[in-house]
Amino acid sequence: MIISELTVDVPTSQGPMRLHVFLPTAALTTHKHVKFCGVAVFTEIYQVTGPVERFCRQIAGNGYIVACPETYHEFEPLGKVLAYDVEGTDRGNVLKVTKTLAAYDEDATLTLDFLASHPSCNGRLGATGMCLGGHLAFRCAFDPRVAASVCYFATDIHSSTLAAGKSDDSLVRCGEIRGECVMIFGKFDNHVPVEGRRRIYDVLVEKRVDFGWVELPAQHAFIRDELSKGRFDPPLSKICFEVLLEIFQRRLVLGLGPGEDNGGGHGPLVC
């Protein structure tokens with residue numbers, strides 16, 4: 001599916017935020033009457049980099065309207081991309097714990113508002129993101145409009161250290177998630193060690209969140225398709241993207257709720 005791209009600056013309490021928007025070209029030309037599902041994509045600490053743009057294009061090319069906010073819009077010039085180097089990493093990590101939790105949540109709400117009000121959106125919304133963005137997609141799923149979320153190697157959930165003060169409430173609030181959530185991790189992720197992953201899993205079970213869990217033999221950020229840190233794993237990235245497409249197809253496109261497609265775990269125990 002051919003896609004188009006544009007940017008839209010939306011007002012926030014912290015100044016303008018740039019959204020990078022990707023959508024099927026047909027929504028702008030020959031099929032303006034067709035309605036598509038919307039997906040909010042949240043970035044790593046480096047903002048909207050080449051790998052993030054390509055990730056957004058893949059989703060849009062499968063028939064979704066994608067909106068990707070610049071995470072640090074209140075600190076950096078609009079359009080700023082941080083490099084995958086020591087300086088960019090240090091800057092991104094500093095800003096990650098300078099920005100307030102309320103500001104992160106406001107950005108997510110406004111991104112969903114933009115998608116929901118888009119003339120080509122049918123109102124069915126999902127969220128995804130990687131690294132910091134995986135955590136932000138997780139928090140975005142607290143919004144009842146989000147029917148499905150896919151969180152790639154989400155950092156700081158296990159330690160509750162996101163944002164200014166390094167004291168977030170993401171695990172405490174995860175019972176608010178009303179849609180289906182998929183958590184994806186690499187077994188060798190040193191940002192979210194095995195003990196941290198176990199904590200996330202146990203709390204999701206305790207809070208009765210509707211979730212799936214994917215853990216593969218990979219490092220942190222293994223879907224980032226550039227080679228500066230030597231972690232990109234194409235075959236595993238493909239597997240994870242198929243998981244994303246499946247949950248978005250089932251929960252967003254088809255609009256199936258929990259248990260409507262697989263028995264909800266209550267079927268007869270027949271081999």
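Reading cavities, a pocket and a helix

The largest cavity is lined by Met17, Phe42, Pro69, Glu70, Thr71, Lys99, Tyr104, Asp107 and Leu136. This is a predicted model, in which local features need pLDDT of at least 70, side-chain atom pairs count only at pLDDT 80 or more, and totals for chains, interfaces and linings use all residues. Residues are numbered from 1 along each chain as its sequence is written, and side-chain values use heavy atoms, with hydrogens and water left out.

Q: What is a cavity, and what volume does the largest cavity have?
A: On a 1 Å grid over the protein atoms alone, a cavity is a set of points where a 1.4 Å probe fits but cannot get out, whereas a pocket is an open set with protein on both sides within 12 Å along at least five of seven lines, and lining residues have an atom within 4 Å of a point. Grid points are joined across faces, edges and corners, and a volume is the space filled by probe spheres set on the points. Here the largest cavity has a volume of about 40 Å³.

Q: Which helix gives the most to the lining of the second largest pocket?
A: Helices (H or I, at least four residues) and strands (E, at least two) are DSSP runs, numbered from the N terminus. H7 gives the most, with 5 residues, in a pocket that has a volume of about 210 Å³ and is lined by 14 residues, with Phe55, Gln58, Ser237, Lys238 and Phe241 nearest its centre.

Q: Which residues of H6 are buried, and why are they on the same side?
A: An α-helix has 3.6 residues a turn, so residues three or four places apart point the same way. In H6, the buried residues are Gly196, Arg197, Ile200, Val203 and Leu204. They lie on the same side of H6 because they cover an arc of only 130 degrees around the axis, the arc being that of the directions from the helix axis to the C-beta atoms. On the other side of H6, Glu195, Arg198 and Glu206 are exposed, while the buried residues pack against helix H4 (132-140), helix H5 (170-173), strand S7 (180-186) and strand S8 (211-216).

Key. Buried < 20%, exposed > 50% of the residue type's maximum accessible area, 1.4 Å probe, protein only. Contact = heavy atoms within 4.5 Å.
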